[in-house]
Every structure is written in structure tokens, then in C-alpha cells.
Amino acid sequence: SPDLVIAAPSMGQRNVLDALRRQQIPVLVVFLDTTAEVDDALVAIARQLRKGPAAAALIAKRRHALEEARIRLHACAWRGGTAPRVLVLAGTQPLVAAGPGTFVDDVARDMGLFNAVGASSPMWPRLSLESMLATKPDLIIVTPGESAALALQGELAALRLGAGLSPPLLWDVTPLLQRPGPSIDEDVSRLAGLIVGKCPNHSHD
């Protein structure tokens with residue numbers, strides 16, 4: 001049997017976790033909705049594993065990556081020096097955006113970006129193509145990866161929008177910001193590079 005089971009809270013898991021506890025198997029429940037909760041989870045897990053300094057190092061690494069991203073994006077002359085307004089899609093079938101109270105929103109704001117999803121929106125609002133465009137983002141970040149982004153690109157092309165009416169899509173070959181945990185720093189660095197590549201004052205030479 002395992003020495004420790006780590007789980008995120010879910011009604012679907014409740015019976016399983018209760019069964020584990022009845023077998024006297026230790027269960028650690030962690031919350032991962034925000035970056036603060038991710039930090040708390042890292043500390044709690046490290047404490048259970050008796051590796052406290054490791055959690056502090058991971059948290060410091062993420063904060064350093066965010067600070068570097070802020071510096072890079074601050075140098076990007078977007079709309080007279082302001083950071084771009086971004087819509088972050090966590091899914092494309094259906095279209096699901098990252099709204100307030102999510103770790104994706106936390107990361108975007110910590111990078112100095114403006115989330116096109118309003119503060120009164122649900123955490124993970126579902127959108128149509130039309131409502132997605134109505135948020136008026138400068139950039140649409142497709143976190144699931146390349147295949148999802150290309151499919152969305154095709155759907156937008158079918159709308160036959162005029163030049164400049166469809167904001168650029170950003171994606172990486174592999175998913176971004178879909179793993180709330182110690183790898184956030186890597187995603188932050190990759191995302192900052194993608195955004196800088198779209199900056200009006202960015203040199204491609």
C-alpha cells in the first residue's frame with residue numbers, strides 16, 4: 001500500500017479517499033486553484049516528505065521566472081507601453097477561458113498581463129467564437145497546444161473576418177499552464193517568449 005496519497009478535492013473522489021482513510025492510508029488533500037494554493041500545496045507535500053527546503057526553492061524559482069517575464073514584457077511597446085490584453089483559453093472544445101480566481105489568471109497578472117475576462121466572470125467561463133472575440137483581446141493564448149490552436153484558427157478563418165478583426169493566436173507545441181505545480185516557471189518562460197515575439201517593437205532579425 002502507498003505511504004501517502006495526494007489528491008485534489010473532488011466530489012467524485014470522496015468515496016475513494018474515505019475508503020483509503022478507513023484502511024489507515026495517509027491522505028493529503030491539496031487545493032490548486034490559485035498560485036497561493038499551489039505554494040501551500042508544495043509546502044505541505046514537502047513537509048510530508050521531510051524536504052521542506054525543496055518547496056522553498058521551487059517557489060523561489062517560479063517567482064524569479066515571473067519577475068523575468070515582467071521585465072521582458074515591460075520592454076514590449078504594446079499600445080503605447082501597456083501590457084497586452086490577453087484571453088487565455090484552457091480548452092477549445094468547447095471554448096473555455098481562464099477567469100478570475102484561477103491559477104492561470106494569477107500567473108497572467110503576475111506576468112503583468114491584462115486578462116480580457118472580466119472580474120465578475122465565472123472561474124472557467126464557456127464562450128462562443130463571437131463572445132470570445134467580443135472580449136477584444138490583443139492576443140488569444142491557446143494553452144492546450146498546437147493541434148487545438150490550428151483547429152481554432154480554422155474556425156476563425158471560416159468566419160471570414162476582415163483584416164485585423166481576429167487577434168493573433170499564441171500557442172506552443174506542447175501545452176502551457178495546464179499543470180498547476182512546480183513546472184509553472186517553465187511555462188511562464190515559454191509564454192513570455194511567445195508574447196515578446198508578437199510585440200510591435202520586436203525585431204525578428
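At 5% relative accessibility, Leu177 counts as buried. Buried means under 20% relative accessible area, exposed over 50%, and partly exposed in between (1.4 Å probe, protein chains only). Leu177 sits in the loop between strand E8 (169-170) and helix H7 (184-197). Helices (H or I, at least four residues) and strands (E, at least two) are DSSP runs, numbered from the N terminus. The phi of Leu177 is near 50 degrees, a positive value in a residue other than glycine.

This is a predicted model: local features need pLDDT of at least 70, side-chain atom pairs count only at pLDDT 80 or more, and totals for chains, interfaces and linings use all residues. Residues are numbered from 1 along each chain as its sequence is written, and side-chain values use heavy atoms, with hydrogens and water left out.

Now turn to Gln24. Gln24 is not a glycine, yet its phi is positive, at about 60 degrees. Gln24 belongs to the loop between helix H1 (14-22) and strand E2 (27-29). Is Gln24 buried or exposed? Gln24 is exposed, with a relative accessible area of 72%.

Next comes a peptide bond. From Gln93 to Pro94 the bond is cis, with omega near 5 degrees. Pro94 lies in the loop between strand E3 (85-92) and strand E4 (95-97). Most residues other than glycine have a negative phi, and most peptide bonds are trans.

How confident is the predictor? pLDDT is its confidence in each residue, from 0 to 100. The protein chain averages a pLDDT of 88, and 93% of the residues score at least 70. Confidence in the protein chain is lowest in H1, at a mean of 85, and highest in E4, at 97.

Notes
pLDDT is the predictor's confidence in each residue, from 0 to 100.
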